[in-house]
Amino acid sequence: MNTTPPTSPEAIEAAWQQLAAHHQEIGALHLRDLFAQDPQRGERMHLEAAGIYLDFAKNRLTDRTIALLLDLAQACGVPARRDAMFRGEPVNATEKRAALHTALRAPTGTRVVVDGVDVVAQVHVMLDRMADFAHRVRTGQWRGYTGKPIRNVVNIGIGGSDLGPAMACEALRQNCHGGLHMAFVSNLDPADLFEATRCASADETLFIVCSKSFRTFDTLTNARAARAWCVGQLGDERAVANHFVAVSSNAQAVAEFGIDPRHLFGMWDWVGGRYSMDSAIGLSTMIAIGPDNFRQLLAGFRAMDEHFLSAPLHQNMPVLLGLIAVWNNNLLGAETQAILPYSHALRRLPAYLQQLVMESNGKHVSASGQPVLRATAPIVWGEPGTNGQHSFFQLLHQGTRLVPCDFIGFCRSTTGDAAQHDLLMANLFAQGEALAFGKTAQALLAEGVPPPQVAQRVCEGNRPSNTLLADALTPFTLGALIALYEHSVFTQGVVWDIDSFDQWGVELGKVLATRIAGELSRNDDAAFAHDSSTNALIHRYRAAIRTLRPSS
């Protein structure tokens, strides 16, 4: 492994300046030019790892661009930071913690020692506990308070405690237990819990409360409401023991809630929420798809981990994907990135990657607290194809904003008609081609388009995209895909010199919300110490609820 440390700030800045000068040299080149100059471009610019094929030929770059990006990665110390992360060093600088999500999928026998403890051994003890519990729920051995087996599983969490498991259960629905209904509650809006429980019976429902601190306001509010619903139906507080389990690192708070300590599945400080879907946070996923499939999911993560750790930088898929994102963001000026899975099962993937990218790298200061010198995370958004083609693709093709796209597709469908799947994939390939090459005025005129209509129908092309292909959407493939994006995000964070593992910006709104919640429930008309806009909104709301809820 290359453990070359980062070079001096001057050398890093020099690498950036070389990229900027190179951009000036090739900025006028169109993708049509790049493919014309190099007919074999599409056959060269690809990588394959852990069952995923990445075609990056439709990006506005050259071999020289890639060489300069790799020089930047070396100058910034990407290999050294990567190796430090895998060793369990405190790469989460502001919280002085390791970021060891890779240990969650390390094979038995691997040793990663943090504070004198082999964390991989702990992980496998927890995986065995999860597997035993999942087996009992899936086979009906785990019984509710009235003796009935569980038919409904409701995961209560938010952010990383919701997005990963919800996405995975949707993605792997074909692997799910047919007799179980999985639901996910995250929103503080009571409608979310209502929708999850309105067709369920409490005596057949299991709640998994996921909160690392067990203090997350949204999650605890929903958990208390769920407990009230459960006890209200079953008529006994003792029913909580049969219908609630927790995933948390706060055993005391879990016990105070009323959950039996034997039904607590622990977490560790070195697992960040958005990197936790393969930890005990994935308990709902394991119940849904079964322990064997969950271990295949972990194997996919691990295969991409090993590639990221061992492949030379120029053949390293997560590194290259991250560096292309840096090029698009910092040199081409793209402010957003579209994630476009051509798979209905992956419809929650864009939301999952929104948190992974924007919570990790949406930072305005460096790891040492200095203002960053360049733009950091792009805004991530997207929808599954072909739905997006009939909504926002117009902007992608003819809008004034540059939006790099990641197309994700599979060579084989796990459901439905093969010929229809061919049509789906034809659309994926066609959209990448159309974005890259567009259609010129000359081509339109040659087709007989009336001259007055030509300007409106020109598609300029030169819109960059990546295409990721795998054989089929399996647990292994999903794990590899998520690990690919995790390590791409990490690579970008190192290049921008930010801490990708903290999220201090999330806290301010929570603190203010707690304060305002108390003010909304007050009965007096005392003045509030906010700005005039917020004060006016609070007064307006209080006046409305006095009218709409006279008894409150």
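Helices (H or I, at least four residues) and strands (E, at least two) are DSSP runs, numbered from the N terminus. The model shown is predicted: local features need pLDDT of at least 70, side-chain atom pairs count only at pLDDT 80 or more, and totals for chains, interfaces and linings use all residues. Residues are numbered from 1 along each chain as its sequence is written, and side-chain values use heavy atoms, with hydrogens and water left out.

**View 1. Helix α14 covers residues 317-331.** The expected span of a helix is 1.5 Å times one less than its number of residues. A residue is called buried under 20% relative accessible area, exposed over 50%, and partly exposed in between (1.4 Å probe, protein chains only). In α14, 15 of the 15 residues are buried, so the helix is largely enclosed by the rest of the structure. After α14 comes G333, which has a positive phi near 80°.

**View 2. Strands β1 and β2 form a hairpin.** Two strands pair if DSSP finds at least two bridges between them. Here four bridges join β1 (residues 46-49) to β2 (residues 52-55), and the strands run antiparallel. A49 has I52 of β2 as its bridge partner. Two residues lie between the strands, and A50 in the turn has a positive phi of about 50°. In a regular strand the side chains alternate between the two faces of the sheet.

**View 3. The largest nonpolar core has 127 residues.** A nonpolar core is a set of buried Ala, Val, Leu, Ile, Met, Phe, Trp, Tyr and Cys residues joined through side-chain atoms within 4.5 Å. W270, I287, L349 and L478 have the most contacts inside the largest core. Helix α20 (residues 475-496) gives the most to this core, with twelve residues. Contact means heavy atoms within 4.5 Å. Not counting residues up to four places away in sequence, L349 touches M167, I339, I408, L481 and I482. A second, separate core has 25 residues, including A196, F207, F214 and L264.

**View 4. R129 lies in helix α6 (residues 119-138).** With a relative accessible area of 31%, R129 is partly exposed. R129 touches R262, L264 and F265, not counting residues up to four places away in sequence. R129 and L331 are 202 residues apart in sequence, and their C-alpha atoms are 48 Å apart in space.

**View 5. C199 and C230 are in no disulfide.** A disulfide is a pair of cysteine sulfur atoms within 2.5 Å. The structure holds zero disulfides. For C199, the nearest cysteine sulfur is that of C230, 17 Å away. C199 is exposed, with a relative accessible area of 76%. For C230, the nearest cysteine sulfur is that of C210, 17 Å away. C230 counts as buried, at 0% relative accessibility.

**View 6. F392 and F393 form an aromatic pair.** Rings of Phe, Tyr and Trp (its six-membered ring) pair if their centres lie within 6.5 Å; planes under 30 degrees apart count as stacked, over 60 as edge-to-face and the rest as tilted. The structure holds 15 aromatic pairs. The pair of F392 and F393 is tilted, with 5.4 Å centre to centre and 40° between the planes. Both residues, F392 and F393, are buried. Elsewhere, ring pairs link F86, Y275, F308, F490 and F501 into a cluster.
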